[in-house]
Amino acid sequence: MSQPKRKEETVGREMMGDEALSYVLKEIGVKRVFTSTSIPDFLLERLNQYSLQVDISLSVRDAIGLADAYARETGEGGVVISAPESGLLEGIEIIAQAFSDSVPLLLLGTLRSYRDTGRARVGELRSPDDVSAALSPFIKFKERVISIEEITVTVEKGYKEALSNRMRPALVEIAEELFKLKAFPLSPAEQKPEKKTPDKNTVAKVAEVLGNSKLPVIIAGYGVKASGSTPQLIELAELLDAPVITTFRAKGVFPASHPLYAGEGLGVFSTEAASKIVMEADSILVLGSRLPQLSTAGWSMRYKGFLMHNNVDGEDIGKTFIPQVPIVADTGLFLKELITILKQKIKEPIKREVRSDIAASRKVFTLKPHSGLWPYDVTRLLYQFKFSKYFIDLTAPTFDLVRLPIDSPVWFTSESMIERGIGVTGLIQSGDENGIGITDLAGAIKNIGLIQQRLAKMKGTLLIFNDNGLTYLDTFKSDIPSIGRINNPVNIDQKLEASIGAITVDTYGGLKEVLERDRQPKVVNVKIDPRYESIVLLNTGS
């Protein structure tokens, strides 16, 4: 094992590997660690010794799902310990979705040995490199620790990388032999997450364009939320008197009640006001978005204005729409510099007619006469309740929820839709009595074991949009997502009632009555008429 050059470089005392790991997690500010029942007792005791809250699930997949939801809600890194490391493969779809969605995870996987690599130890694959090779497409950083001295600095580096710039999962492998050995760990280097600063000339160019525009429009993506820059977004919009449109995932970063809010979605999925404004705008500023398939309705957005596109990851700029000005920078840092320059340019308050146009276009959609519950019926009912947090699995039957007015950054979902589970894991890990999680039948079935395990302690309301599995989000016929339909019903109402205490409702009044109850938690099996029509998606089936 390598030896530090000077004692001053160490934490000052000998530690076993399990203590070095617990020590560094505490030092870098980790509060909560997610793991499974396979965690060794001595490591669990050590984590508790350092006052780390350890969340234990029956499977590593569930632990990864809960860590992912925790990271989405808090903006902190979700830390997962998998012993052995191969358990991480249970949740590879969740890790892949976190990579696509810019969610910071620190995955700590243990190797049975770093020396005896060919012995096919219990729980390991053919070689110790196989797990990291399988995860490589979905992690931004990976490193193996083979000495106690390096545990501290490597874990710290992995956590920093997960949270730096475009946040994504990072992997650190630790040999289990180190947990039983002693050495002097290196002192953490107080590494802080990195943020890309904007180019000053680019910011000045954007300020010039926006300051001279007759009708600028702002499209706000998840980068606004990830950078914690909602106050700056509101300030910029009011300074320019510019309308704001959000992507579906960024709902809530700009208040839905604000007179400059033109709705969510672009292209054929946009609101009436947003569609008109984007076509009339002479300049468009995109903040922190990849302009994904869902929010742009298959990239069907039509515009004529001068396009300026900000994203922390330059690779995502120009993939779908070619901007006149690319802005590779942290969205929060960019907004602060942009506002500073604009305040010097704009001396008088700007007032445009756009506010009245937005107000005139706001409406509650009217559905044609129908029997049974349609998704928008449930959406309209939820208007009457003020939940503190919304965890949503976007699927065909839940898609109309994107029209639910949200006034603050309390909306959590995925637009990559690689894996279902946010509706369940988000609600469970939040512990919020006034939170709501919404998933579909497939999402409930996939996570039913986790619901059963946590039901006694779960708080809040879980809605299962149950269309008997007869509809799906179709992206095969066209780039514009639509409702696909099949004729193979799955009826498990009795199983949901018996296994997780679900209350089955099939009427508007019945659902309202259940939502108004004080009982905690509420798991509601909402029977959705599979012949429903969506106010957002195009219908393709009969």
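Strand β17 (residues 435-440) pairs with strand β18 (residues 461-466) in the parallel sense, over 5 bridges. The model is a predicted one.

Me: What makes β17 and β18 a pair of strands?
Reply: Two strands pair if there are at least two bridges between them. β17 and β18 have 5 bridges, so they count as paired. In one of the positions, Asp440 has Phe465 in β18 as its bridge partner.

Me: Which sheet do these strands belong to, and in what order do the strands run?
Reply: The sheet is open and has 6 strands in the order β16-β15-β17-β18-β22-β21, with parallel pairing.

Me: Why are β16 and β21 called edge strands?
Reply: β16 (411-412) and β21 (503-505) each pair on one side only.

Me: Which helix lies across β18, β21 and β22?
Reply: Helix α18 (residues 508-515) does, and it runs at about 175 degrees to β22 (522-527).

Me: Why is Thr439 called buried?
Reply: Buried means under 20% relative accessible area. Thr439, in strand β17, has 0%, so Thr439 is buried.

Me: What does Thr439 touch?
Reply: Leaving aside neighbours within four places in sequence, Thr439 is in contact with Asp393, Thr398, Val424, Ala444, Leu463, Ile464 and Phe465.

Me: Why does Pro40 count as partly exposed?
Reply: Partly exposed is the range between the limits of 20% for buried and 50% for exposed. Pro40 has 23% relative accessibility, so Pro40 falls in that range. Pro40 sits in the loop between β2 (32-36) and α2 (41-49).

Me: How far is Pro40 from Asp493, in sequence and in space?
Reply: They are 453 residues apart in sequence and 38 Å apart in space, C-alpha to C-alpha.

Me: How do you know that α3 is roughly perpendicular to α14?
Reply: Helix α3 (residues 60-74) and helix α14 (residues 422-430) pack at about 75 degrees, with axes 8 Å apart. Angles of 65 to 115 degrees count as roughly perpendicular, so α3 is roughly perpendicular to α14.

Me: Which residues make up the contact of α3 with α14?
Reply: From α3 they are Gly65, Leu66, Asp68, Ala69, Tyr70, Arg72 and Glu73, and from α14 they are Ile422, Thr425, Gly426, Ile428, Gln429 and Ser430. The residues of this contact divide into 5 nonpolar, 5 polar and 3 charged.

Definitions and conventions
Residues numbered from 1 in each chain as written. Predicted model: local features only at pLDDT ≥ 70, side-chain atom pairs only at ≥ 80, totals over all residues. Heavy atoms only, no water. Helix = DSSP H or I, 4+ residues; strand = E, 2+ residues; numbered from the N terminus. Buried < 20%, exposed > 50% of the residue type's maximum accessible area, 1.4 Å probe, protein only. Axes fitted to C-alpha atoms, helices over the stretch in contact; angles between N-to-C directions. Parallel < 35°, antiparallel > 145°, perpendicular 65-115°, else oblique. Contact = heavy atoms within 4.5 Å. Nonpolar A, V, L, I, M, F, W, Y, C, P; charged D, E, K, R; others polar.
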